[in-house]
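Me: I should like to learn how to read the features of a structural model in order. May we take them one at a time?

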Amino acid sequence: LLTLGSTREGGRKGDCSLGLDDLIDHSEGLSLAMVPPDRLDARFKGALERLAAAAPGRVWLAARIAYGPADARRLDRLAEAAASAGVKLLATNDVLAVGAMLACRRAGVAIPQELSITGVDNTDLGATQTPGLTSVSTPTVEIGRSAAQQLVARLEGREFTAQLDLPFELVVRGSTPKPATRAARSSSSAKRAGRRAIAGPA
């Protein structure tokens, strides 16, 4: 259980009974996205670094903002924290992803040659960028319809399915490179091995 709300220990609903140590102990096979707190203090950075060390290559830092005047500075600090911990910054919607694309354009960073960017929501905003934004298409209509059906069923005292597995789709556009073919990967690996051989001791 993630909460103590339905147990006899008297915990309030929403009180978390799992800590960072529990997550680290059971992190094998998991992909983790850390949602940063309001205060980006040393405790937050320490937790991020511990997660990154426990699940290398499987931790992302969500670019959570407050949609206020301090957001630009906050994103800079999140990017610094992600780089320091060796994790990637996760754009949680297309608006943030497009913002990242604009920042890359100003800095002269080529997309996708130097940096790949992916959004979430598959909006027209992302689709009309140059290059187009690769994004996760979420079934928002189905989510809304299912929520309404559950609400009506509750009000009428009928049974309903509490959890639904709804599909999503990755819409690939120009902001991410095409996956390499097996032949291309083999050729690239051979070239890297050749460079290592040439650079190694005689």
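Me: In which loop is Asn 122 found?

Reply: The model is a predicted one. Asn 122 is found in the loop between β4 and α5. The backbone there deserves attention, for Asn 122 has a positive phi of about 55 degrees although it is not a glycine. At 24% relative accessibility, Asn 122 counts as partly exposed.

Me: How many helices and strands does the chain have, and what pattern do they follow along the sequence?

Reply: The chain has 7 helices and 6 strands. Read along the sequence, they give the pattern α-β-α-β-α-β-α-β-α-β-α-β-α.

Me: What do burial and contacts say about the chain as a whole?

Reply: A residue is taken as buried when its relative accessible area is under 20%. By that criterion, 24% of the 202 residues of the chain are buried. Among contacts between residues at least 6 apart in sequence, 59% join residues at least 24 apart. The chain exposes about 14200 Å², of which carbon and sulfur atoms supply 56%.

Me: How should I read a helix, and which residues of α6 are buried?

Reply: The general idea is that an α-helix has 3.6 residues a turn, so residues three or four places apart point the same way. In α6, the buried residues are Ser 146, Gln 150 and Ala 153. Seen down the helix axis, these buried residues fall within an arc of 65 degrees, so they line one face of α6. On the other side of α6, the exposed residues are Thr 140, Val 141, Leu 155 and Glu 156.

Me: What span should helix α6 have, and what follows the helix?

Reply: Helix α6 covers residues 140-156, and at 1.5 Å a residue its 17 residues should span 24 Å. The C-alpha atoms at its ends are 24 Å apart, in agreement with that expectation. After α6 comes Gly 157, whose phi is positive, near 70 degrees.

Me: In what order do the strands of the open sheet stand, and which are at the edges?

Reply: The order of the 3 strands is β4-β5-β6, and the pairing is mixed. β4 and β6 (169-171) stand at the edges with a single partner strand each, so one side of each has no neighbour in the sheet. Direction ignored, neighbouring strands of this sheet are turned by 25 degrees against each other on average.

Me: How many bridges join β4 to β5, and what is the bridge partner of Thr 118?

Reply: There are 3 bridges joining β4 to β5, and these two strands run parallel. The bridge partner of Thr 118 is Thr 134, in β5.

Me: Where do cis peptide bonds occur?

Reply: Pro 112 is in the loop between α4 (94-107) and β4 (118-120). Another cis bond joins Thr 130 and Pro 131, where omega is about -5 degrees. Pro 131 lies in the loop between α5 (124-127) and β5 (134-137).

Key. Residues are numbered from 1 along each chain as its sequence is written. This is a predicted model: local features need pLDDT of at least 70, side-chain atom pairs count only at pLDDT 80 or more; totals for chains, interfaces and linings use all residues. Side-chain values use heavy atoms; hydrogens and water are left out. Helices (H or I, at least four residues) and strands (E, at least two) are DSSP runs, numbered from the N terminus. Buried means under 20% relative accessible area, exposed over 50%, partly exposed in between (1.4 Å probe, protein chains only). Contact means heavy atoms within 4.5 Å. Accessible areas come from the Shrake-Rupley method with a 1.4 Å probe; for residues, only the protein chains shown count as cover. The expected span of a helix is 1.5 Å times one less than its number of residues. The arc is that of the directions from the helix axis to the C-beta atoms. Two strands pair if DSSP finds at least two bridges between them. Axes are lines fitted to C-alpha atoms, for helices over the stretch in contact, and angles run from 0 to 180 degrees between N-to-C directions.
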